[in-house]
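I opened a structure today and kept a notebook of what I looked up. The entries follow the order in which I went through them.

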Amino acid sequence: MSFFHAGPAPKAQGPRPGALRDGLDLQPGMAVGLFGGSFNPAHDGHAHVAETAMRRLGLDRVVWLVSPQNPLKDARDSAPLAERMASARAAAKLAADGRAMIVSDFETRAGTQWTVDTLRTLTARHPGVRFVWLMGSDNLASFHRWRGWTDIMRMMPMAVIARPGSQLDSRTAPAAARFAPARIPAARARLLPDLEAPAWTYLTAPLNPRSSTALRAARDAAAHL
């Protein structure tokens, strides 16, 4: 199987220091999960991933990074950013500690297109914050197709939260195989924010079957009735 990008990703020019107001209010020493996605639309399955990560990793905050446009997806299928931000805010409120959830358009503010550049910009802007990248297991299955995916694994620890229909594929995914020595048991997940990357864990929890694809299909079907 071929990898989309196995070597170092070229570094995009980010905003000048002090030129960007991100509104995240993160303090050194905080353990912060970064949860990126199109959220097209966001739903309680996303809230389940964020809440599971916060509880199992002992996070202070989870930042929902709403992408202006996933470069691996067709823009014609994406709702406007404002609509997706609104759905993410509504979904974040469903989490047990909604006040610790931050919904952000950081990528739009920073002008970054690829996750690897977004994370580089965030870590440069917030030194001392203990970031952890969060993703559902459905994304791990295709993570090796992301630009700079090996850079992401080496940049910050990562937690993968089980999602319906992808547990087996994601556990045998190329990224999981390549970084198998860096995987820590779920029982030690609370140590993850303090570990040096590469380090990752796989968290299981009661599964939430909701998906954005199914919601869009139901919405489109209703529109044609």
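These entries go from charged side chains to a helix, the cores and some backbone angles.

**Entry 1: the model**

I noted at the start that this is a predicted model.

**Entry 2: salt bridges**

I looked up how many salt bridges the structure holds. The number is 4. I wrote down a general point before going on: side chains of opposite charge can pair when their charged atoms come close.

I started with D105 and R109, whose side chains form a salt bridge with an N to O distance of 2.7 Å. R109 is partly exposed, and its relative accessible area is 43%.

I then turned to R120. R120 forms a salt bridge with D117, and their closest N and O atoms are 3.3 Å apart. Both residues sit in helix α4, which covers residues 115–125. They are 3 residues apart, or about one turn of the helix. I recalled that an α-helix has 3.6 residues a turn, so residues three or four places apart point the same way.

R120 has another salt bridge, with D151, at 3.2 Å from N to O. D151 belongs to helix α6 (residues 149–155) and R120 to helix α4, so this pair ties together parts that are 31 residues apart in sequence. D151 has a relative accessibility of 14%, so it counts as buried, the cut-off being under 20%. Through shared partners, the salt bridges join D117, R120 and D151 into one network.

**Entry 3: a charged residue without a salt bridge**

Which side chain of opposite charge is nearest to R84? I found that it is E83, 7.8 Å away. R84 is buried yet has no salt bridge, since that would need a nitrogen and a carboxyl oxygen within 4 Å. R84 is part of helix α2, residues 81–92.

I looked for what the side chain of R84 does reach, and found the backbone oxygen of S67 at 2.6 Å. Setting aside residues up to four places away in sequence, R84 touches several others, including S38, F39, N40, V66 and P68.

**Entry 4: helix α4**

I went back to α4 to see how much of the helix is buried. The count is 8 of its 11 residues, so α4 is largely enclosed by the rest of the structure. The buried ones are T115, V116, D117, T118, L119, R120, T121 and L122.

What covers the buried residues of α4? The cover includes the strands β1 (31–37), β2 (61–66) and β4 (130–136), and the helices α3 (106–110) and α6.

**Entry 5: strand β6**

I noted that in a regular strand the side chains alternate between the two faces of the sheet. In strand β6 (residues 200–203), W200 and Y202 point one way, while T201 and L203 point the other way. All of these are buried.

Strand β6 pairs with strand β5 (residues 158–161) in the parallel sense, over 4 bridges. M158 has W200 of β6 as its bridge partner.

**Entry 6: nonpolar cores**

I met M158 and W200 again in the largest nonpolar core, which has 35 residues. They are among the members that touch the most other members, together with L34, W133, L140 and F143. For F143 I listed the contacts, leaving aside neighbours within four places in sequence: M135, W149, I152, M153, M158 and A175. Another core, of 31 residues, lies apart from the largest one. M54, V103, A159 and L192 are among its members.

**Entry 7: backbone angles**

Which residues does a cis peptide bond join? N40 and P41 are joined by one, with omega about 0°. P41 is in the loop between β1 and α1 (44–57). A197 and P198 are also joined by a cis peptide bond, again with omega about 0°. P198 is in the loop between α8 (174–178) and β6.

I then looked up positive phi values. D25 is not a glycine, yet its phi is positive, about 55°. D25 lies in the segment before β1 and is exposed, at 57% relative accessibility. F39 also has a positive phi, near 50°, and is a residue other than glycine. F39 lies in the loop between β1 and α1. F39 is buried, with a relative accessible area of 3%.

Definitions and conventions. Residues are numbered from 1 along each chain as its sequence is written. This is a predicted model: local features need pLDDT of at least 70, side-chain atom pairs count only at pLDDT 80 or more; totals for chains, interfaces and linings use all residues. Side-chain values use heavy atoms; hydrogens and water are left out. Helices (H or I, at least four residues) and strands (E, at least two) are DSSP runs, numbered from the N terminus. Buried means under 20% relative accessible area, exposed over 50%, partly exposed in between (1.4 Å probe, protein chains only). Lys and Arg count as positive and Asp and Glu as negative; His and the chain ends are not counted. A polar contact is a pair of N or O atoms within 3.5 Å; within protein, one must be able to donate a hydrogen and the other to accept it, and residues adjacent in sequence count only if both atoms are side-chain atoms. Contact means heavy atoms within 4.5 Å. Two strands pair if DSSP finds at least two bridges between them. A nonpolar core is a set of buried Ala, Val, Leu, Ile, Met, Phe, Trp, Tyr and Cys residues joined through side-chain atoms within 4.5 Å.
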